[in-house]
Amino acid sequence: MEVGRLINYSPERYLACMRALRAAYGNDQINRDPANCQSFGAKLPDSTLCEPGTDVRVLGIGSGSGDVDSAILKKLLQRHNSVYNRVVEPSEEMIELYKAGVSEDTGLGAVKFDWRQQTAEEYFQTKDPKDTKFHLIHAIHVLYHVDDIHATLRDMWEQLEDGGYILIAIKSGKDAGAKLWYKLWEEFGQGDRLETSLRTSDDVKHWLDAKGISYVTSDEDGFAFNVNISECFSKESEEGRKILDFLTQTPHVSSMPEIRYGFGVPAT
C-alpha cells in the first residue's frame, strides 16, 4: 500500500490529481490567488537584510512558476535597490512559465535571476562549499517532496547568511488535513512517515528545536482554500477519485476499501 507516496508512484497522476483539486476550489481560488501570493511577501521582515549598496541575495527552493517569488521579490525591492535571486526548480515547464512572467513584469527589473533546473538534492549536492550565502531562503510548500526533509533543512541553514531568514510554508500540524494524514498513517502507514509526503509543520519544528534554532510560526496559510469534496462521495466520479488521492497523497485510494470505509467514502 503506497500511503503518502502519490508523487513517487506517478508524477503524472500527482499533477492530474492536483489539477482536479484546484478545480474543486472553484471561485474561492480564482478570487483569492493574487492576495494569497501577496501574503507571503507580508511575512518578510520590514528591516533591511544587507548593507546598503549590495544586492540582497535570495534562494528559492522549488519556486514553480514564480507567482509567490514575485510577491517576495517586490516586497524586498521596497527596501533594497537590487536583488540577486537564485531559482532552484526541477521542472523545465515551470521555469519557462516563471521566465515568461518575469519578462512581462516591469516591477522586477532590478532583480538578477540565476536559473538552476535542479531538484533540491541535486542543487545542494553539486554546490561549491564556498558558494554564495543568502540573506533569505524560502521553500513554499515543497518540503513534502524532497528526499530527506532533515537534510534539506540542514542544507538550507548552512547556506544562510548570518542574520538571514528562512521562510517555510508547509501544512500546519493543527490543520484538518494534517489530522487526516496522521490518522491515515496510524492506521495504514508502513515504514517511516518522513519518507512519504505526509509531512507537516510539526516535523520542521522538531528539527529546529533539536538544533536550538529560534523561529516564529503562523497558522495563516496563503494557500488555504475551501474545497468542494462532494465528488469524492460519488462512486462514478473520476474527478472525485483524483481529489481523494490528492487529499490523502495516496495513489488510487478509492481502490482500497479498508481506507474508504474508514473515512466514510463509498466503495467503487
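Q: What share of the 268 residues in the protein is buried?
A: This is a predicted model: local features need pLDDT of at least 70, side-chain atom pairs count only at pLDDT 80 or more, and totals for chains, interfaces and linings use all residues. Residues are numbered from 1 along each chain as its sequence is written, and side-chain values use heavy atoms, with hydrogens and water left out. Buried means under 20% relative accessible area, exposed over 50%, and partly exposed in between (1.4 Å probe, protein chains only). Of the 268 residues, the buried share is 46%.

Q: How many helices and strands does the protein have?
A: Both are DSSP runs, numbered from the N terminus: helices are H or I with at least four residues, strands are E with at least two. The count is 11 helices and five strands.

Q: Which residues have the most contacts inside the largest nonpolar core?
A: A nonpolar core is a set of buried Ala, Val, Leu, Ile, Met, Phe, Trp, Tyr and Cys residues joined through side-chain atoms within 4.5 Å. The largest has 44 residues. Helix α2 (residues 11-25) gives the most to this core, with six residues. The residues with the most contacts inside the core are Ile61 and Leu143.

Q: Which residues does Ile61 touch, not counting those up to four places away in sequence?
A: Contact means heavy atoms within 4.5 Å. With those close in sequence set aside, the partners of Ile61 are Val88, Ala120, Phe124, Ile137, His138, Ala139, Ile140 and Val142.

Q: How many residues of helix α4 are buried?
A: Helix α4 spans residues 67-76 and is mostly covered. Its buried residues include Val68, Ile72 and Leu76, and also Asp69 and Lys75.

Q: Where do Glu239 and Lys242 sit, and what separates them?
A: They form a salt bridge, with the closest N and O atoms 3.4 Å apart. Glu239 is partly exposed at 37%, whereas Lys242 is buried at 18%. Both belong to helix α10; being three residues apart, they are separated by about one helical turn.

Q: Which residues are linked in a network of salt bridges?
A: The structure holds 13 salt bridges. The network links Arg13, Glu238, Arg241 and Asp245.

Q: Which backbone oxygen does the side chain of Thr250 reach?
A: Thr250 lies in the loop between α10 (238-248) and α11 (257-262) and is buried at 0% relative accessible area. A polar contact is a pair of N or O atoms within 3.5 Å; within protein, one must be able to donate a hydrogen and the other to accept it, and residues adjacent in sequence count only if both atoms are side-chain atoms. Leaving aside neighbours within four places, Thr250 has contacts that include Glu2, Leu184 and Asp245. Its side chain reaches, at 2.9 Å, the backbone oxygen of Thr248.

Q: What is the phi of Gln249?
A: Gln249 is in the loop between α10 and α11. Gln249 counts as buried, at 4% relative accessibility. Phi is positive although the residue is other than glycine, with a value near 55 degrees.

Q: Which residues form a nonpolar patch on the surface?
A: Patches are made of residues with over 30% relative accessible area and no salt bridge; like charges are joined within 9 Å, and nonpolar side chains (Val, Leu, Ile, Met, Phe, Trp, Tyr) within 5 Å. Ile229 is partly exposed at 34% and sits in the loop between α9 (201-211) and α10. The patch has about 220 Å² of accessible area together, and its members are Val227, Ile229 and Phe233.

Technical notes. Areas by Shrake-Rupley, 256 points an atom, 1.4 Å probe, with all protein chains shown as cover. Salt bridge = Lys/Arg side-chain N within 4 Å of Asp/Glu carboxyl O.
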